[in-house]
Amino acid sequence: MGSGVQHALEQLKTTGVRITPQRHAILTYLMEAMNHPTADDIYRALEPQFPSMSVATVYNNLKMFMEAGMVRELTYGDNSSRFDANVSDHYHVICQECGKIEDFSYSTLHEVEQQAERATGFKIHGLRMELYGVCKGCGEKQH
């Protein structure tokens with residue numbers, strides 16, 4: 001188990017959250033899966049281990065992780081939400097064919113945020129940048 005998972009679990013314990021085996025498994029899966037899974041993906045992956053677990057259990061735990069600031073929900077139009085355990089500043093590249101989402105790191109866009117504040121008077125709290133294209137796998141299928 002990665003130290004990130006251990007650290008996250010310790011963090012949860014300090015807020016008084018009980019660490020159930022399901023919680024542990026959901027968090028571990030999220031932190032190790034770099035594919036920004038949906039709640040259904042998580043449920044399907046963990047169901048063999050936890051036959052009594054429901055999709056609602058997965059959703060409730062994801063909500064709790066989001067409230068604790070450990071998981072970010074990614075919503076894209078009418079597609080179901082995807083979840084990301086990487087809450088550091090990063091951007092997403094999204095395949096328009098299969099919906100795959102990959103993380104992409106780039107120096108922060110503080111200048112854009114500052115310019116937006118100056119131009120609009122808004123107090124900017126964050127931004128979400130998405131790039132759209134066709135992933136390698138889908139691109140190879142097209143040729």
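A salt bridge is a side-chain nitrogen of Lys or Arg within 4 Å of a carboxyl oxygen of Asp or Glu. The views below come from a predicted model, in which local features need pLDDT of at least 70 and side-chain atom pairs count only at pLDDT 80 or more, while totals for chains, interfaces and linings use all residues. Residues are numbered from 1 along each chain as its sequence is written, and side-chain values use heavy atoms, with hydrogens and water left out.

**View 1. Salt bridge between glutamate 10 and lysine 13 in helix α1.**
The side chains of glutamate 10 and lysine 13 meet at 3.7 Å, N to O. Because the two residues are three apart in helix α1 (residues 3–14), about one helical turn separates glutamate 10 from lysine 13. Helices here are DSSP runs of H or I with at least four residues, strands are runs of E with at least two, and both are numbered from the N terminus. Glutamate 10 is partly exposed, with a relative accessible area of 39%, and lysine 13 is partly exposed at 46%. In these legends buried means under 20% relative accessible area, exposed means over 50%, and partly exposed lies in between (1.4 Å probe, protein chains only). Side chains of opposite charge can pair when their charged atoms come close.

**View 2. Further salt bridges.** 
Lysine 123 forms a salt bridge with glutamate 117, and the closest N and O atoms are 3.4 Å apart. Lysine 123 counts as exposed at 60% relative accessibility, whereas glutamate 117 is partly exposed at 25%.

**View 3. The open sheet β4-β3-β5.**
Three strands make up this sheet, and their pairing is mixed. The edge strands are β4 (101–104) and β5 (130–133), each of which pairs on one side only. From one strand to the next the twist averages 25°; axes are lines fitted to C-alpha atoms (for helices, over the stretch in contact), and angles run from 0 to 180 degrees between N-to-C directions. Two strands are taken to pair if DSSP finds at least two bridges between them. Strands of a sheet pair through backbone hydrogen bonds, either parallel or antiparallel.

**View 4. Strand β3 and its two partners.** 
β3 (residues 91–95) pairs with β4 in the antiparallel sense over four bridges. In this pairing tyrosine 91 stands opposite phenylalanine 104 of β4. The hairpin of β3 and β4 has five residues between the strands, and within this hairpin glycine 99 takes a positive phi near 85°. With β5, the pairing of β3 is parallel, again over four bridges, and isoleucine 94 stands opposite tyrosine 132 in β5. β3 is mostly covered, with four of its five residues buried.

**View 5. Nonpolar surface patch around valine 93.**
Val93, Phe104, Tyr106 and Leu131 form this patch, and together they have about 330 Å² of accessible area. Patches are made of residues with over 30% relative accessible area and no salt bridge; like charges are joined within 9 Å, and nonpolar side chains (Val, Leu, Ile, Met, Phe, Trp, Tyr) within 5 Å. Accessible areas come from the Shrake-Rupley method with a 1.4 Å probe, and for residues only the protein chains shown count as cover. Valine 93 belongs to strand β3 and is partly exposed, with a relative accessible area of 33%.

**View 6. Aspartate 40 and tyrosine 59.**
Aspartate 40 is found in helix α3 (residues 39–46) and is partly exposed, with a relative accessible area of 36%. Between aspartate 40 and tyrosine 59 lie 9.0 Å in space, C-alpha to C-alpha, and the two are 19 residues apart in sequence.

**View 7. The whole protein, for orientation.** 
The protein has six helices and five strands, which follow the pattern α-α-α-α-β-β-β-β-α-β-α along the sequence. The C-alpha trace spans about 50 × 45 × 30 Å along its principal axes. Of the 143 residues, 32% count as buried. The accessible surface comes to about 9100 Å², and 51% of this belongs to carbon and sulfur atoms. Among contacts (heavy atoms within 4.5 Å) with a separation of 6 or more, 46% are between residues 24 or more positions apart.
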